[in-house]
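Please look through the sequence and the structure shown here before reading on.

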Amino acid sequence: MIPAIIVFAYLAGIFYIGIFAFRRGKASGEDFFLAGRGLGPTVFLLSLFGTNMTAFSILGSSGMAYHRGIGVFGLMASSSALVIPLTIYLIGTRLWAIGKRFGHMTQVQFLRDRWDCGHIGTFLFAISAAMLVPYIVIAVMGGGVTMERISGGAVPYAAGGGVVALVVMGYVFFGGMRGTAWVNAFQTALFLSFGAAAIVLIAGDLGGFDGEMAKLAGDPKRAPLLSRERISEREFLSFMFIPLSSIMFPHVSIMCLTAKKVGHFRKTVVLYPLCILALWAPAVYLGVIAAARNPGLAPGQTDDVLLWLLSNHTGVVVSGVLGAGIMACVMSSDSQIMALSTMFTQDVFAYYKGKERFGDRVQVWTGRAFVVAIAAGAYAIAIALRGKASIFDIAIRFAFSGFAALAPVMLAALFWRRSTKWGALAASAWTLAAALGSWWLFSISAPGKPFPFLPEVFGRAPGNVTVWGFQPVVPMVLGSALLVWLVSLLTRPPSPATLARYFPPAVNVPTSFQG
Amino acid sequence: MKRALAGGLVLVILLHQDFWLAKNATLLFGFLPAGLAYHMAYTGLAALAMAALVRWAWPRELEDEDRPAP
């Protein structure tokens, strides 16, 4: 029970941070939804990184490494270490500048304005919102499961999930984006130190890792865990496309708008890869250690191998503190709830004249009401569908591919004058159809069996359908890029006035004035 | 300079595909698998690549937005 008490104390602490942020806030919409575009460099880095990390980063990755080996780090972490900061550098900085110049608070506001379109923006809002909901549900489920395990069953799943939903709702409701960013920054600092602490403590208890690694190396069946032999070359290549999704997640792109200065992005893009290293390397490594210590677990039983290692190799108090670190990762739904609230109030309420009619204050309260509705809805789903987390896991997997496939749309909007709303619509429709199509193909097939049709094209891996051996994300991203290019060339570009706003002509300085 | 940076970035992207280490289960120092060590070093290389972009290809024109509105 002691670990559970420590976790409860931690939850009380982060709730207080939200209340503190509320006291520091102003009543304006920009303050509630974007922390007044005033975050400093350290909070910006930590909150942006924390926003991107989910329960999977710490629990799921070690569970996956248990079965597939150390290659999971290259598959998911080192690819993200390059691609995510690169997209923050290319896209995040531009979104920040355009948002500040024109007052945008969401991606859809920018895209509507950039392409002179209304309903296509609404379509993009609907796709993005639908792909975000599973994250919130899975975080509540993860909170319930973690509390139950940490407390040894003393805190049941429903109560644990309820407490997590209530705490997140509380600090988002009161603190808005400022509270969310502060809590995220605190949580990130906690879970970044978690990895190193877990490695040191478990290594100390085991007397080092040499023995466990030698055990794996000497067993022909388990030796492949020490390489990436269990990951095909095409799967490995496919995963380079997945991190393109990061900047397209609404909570990440909205977080990019909160920096006080564009210079704050400098530290973020340089340190981001090192933050990934600090979090993922221990999680993956310990997943492989768990395979050496406790072999034979089936997929689905391994998401808590890290908790198992901690409870077996550290004391109760340390286990509780590290459990709080795990909760920090599991509870990353705060920024998603905040993003959905911002999107609803900006892309729907304000767009359809709600703000004009009722004013800024009502807009903020609409956002808060939406926060309550999302948290309550996510809790109800988490309770009703307990034990069916795999549904949401699958939905998230397809959402990653879907958001990655929307990245070419954003690149076209920012860097290509000639891009059009019809190109964006074609790419978005392709993304939706391909995500639903691959989900359907996934549901009618089974791993290890020949694919029901076109077996030379489609295949079935345990976690996904493959297309010529590649993950669906590859054809989705390439198809999206091709469509936005082709359809844009075939349709009329936005008005010259709009283009002049987004691509102002370079100022020609007469040569006599040049230094 | 920007062309050199773009070329360097392409090289870094290609270096991620470490097919030559795919089946290498060698343990460095007795506890660290070679493939994991490679990708840990790769994240360091990614940080250096980002530092180079920030140093030599920073979009300075965006800094105009830092100034408060008149």
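This is a predicted model: local features need pLDDT of at least 70, side-chain atom pairs count only at pLDDT 80 or more; totals for chains, interfaces and linings use all residues.

Helix α1 of chain A covers residues 2-24, which makes 23 residues, and it reaches 34 Å from its first C-alpha to its last, close to the 33 Å expected at 1.5 Å a residue. Among the buried residues of α1(A) are Pro3(A), Ile6(A), Val7(A), Tyr10(A), Leu11(A), Ile14(A) and Phe15(A), and Gly18(A) and Ala21(A) are buried as well.

**Residues in loops**

Arg37(A) lies in the loop between α2 (29-34) and α3 (41-52) of chain A, and it has a positive phi of about 50 degrees although it is not a glycine.

Leu454(A) is exposed, since it has 10 other C-beta atoms within 10 Å.

Gly208(A) is found in the loop between α8 (157-206) and α9 of chain A, and with 11 other C-beta atoms within 10 Å it is exposed. When its neighbours within four places in sequence are left aside, Gly208(A) is in contact with Ala203(A) and, in the other chain, with Phe31(B).

**Two pairs of packed helices**

Two packed helices are described by the angle between their axes and the distance between the axes, and the table gives these values for two pairs.

| Helix pair | Angle | Distance between axes |
|---|---|---|
| α9(A) and α12(A) | about 70 degrees | 9 Å |
| α5(A) and α2(B) | about 5 degrees | 9 Å |

Within chain A, α9 (residues 210-217) packs on α12 (residues 264-293) at an angle of about 70 degrees, and the two helices are therefore roughly perpendicular to each other. α9(A) passes α12(A) in a left-handed crossing. The residues that meet are Glu212(A), Lys215(A) and Leu216(A) from α9(A), and Ile289(A), Ala292(A) and Arg293(A) from α12(A). By class, this contact of α9(A) with α12(A) has three nonpolar, no polar and three charged residues.

The pair α5(A) and α2(B), the latter made of residues 34-56 of chain B, packs at an angle of about 5 degrees, and these helices are therefore roughly parallel to each other. The residues that make the contact include Phe73(A), Ala81(A), Leu82(A) and Tyr89(A) of α5(A), and Leu36(B), His39(B), Tyr42(B) and Met50(B) of α2(B). By class, the contact of α5(A) with α2(B) has 11 nonpolar, six polar and no charged residues.

**Where chain A touches chain B**

How many residues of chain A are in contact with chain B? There are 39 residues of chain A in contact with 32 residues of chain B. On the side of chain A that touches chain B, the elements that give two or more residues are α5 (71-102), α9, α10 (233-238) and α12 of chain A. The largest share of that side, 13 residues, comes from α5(A). By class, the side of chain A that touches chain B has 24 nonpolar, seven polar and eight charged residues.

Definitions and conventions
Residues are numbered from 1 along each chain as its sequence is written. Chains are lettered from A and ligands numbered from 1 in the order in which they are written. Helices (H or I, at least four residues) and strands (E, at least two) are DSSP runs, numbered from the N terminus. The expected span of a helix is 1.5 Å times one less than its number of residues. A residue is buried if 20 or more other C-beta atoms lie within 10 Å of its own, exposed if 12 or fewer, and partly exposed in between; C-beta atoms are placed from the backbone. Axes are lines fitted to C-alpha atoms, for helices over the stretch in contact, and angles run from 0 to 180 degrees between N-to-C directions. Angles under 35 degrees count as roughly parallel, over 145 as roughly antiparallel, 65 to 115 as roughly perpendicular and the rest as oblique. A crossing is left-handed if the near helix is turned anticlockwise from the far one by less than a right angle, and right-handed if clockwise. Two residues are in contact if their C-beta atoms, placed from the backbone, lie within 7 Å. Ala, Val, Leu, Ile, Met, Phe, Trp, Tyr, Cys and Pro count as nonpolar, Asp, Glu, Lys and Arg as charged, and the others, Gly among them, as polar.
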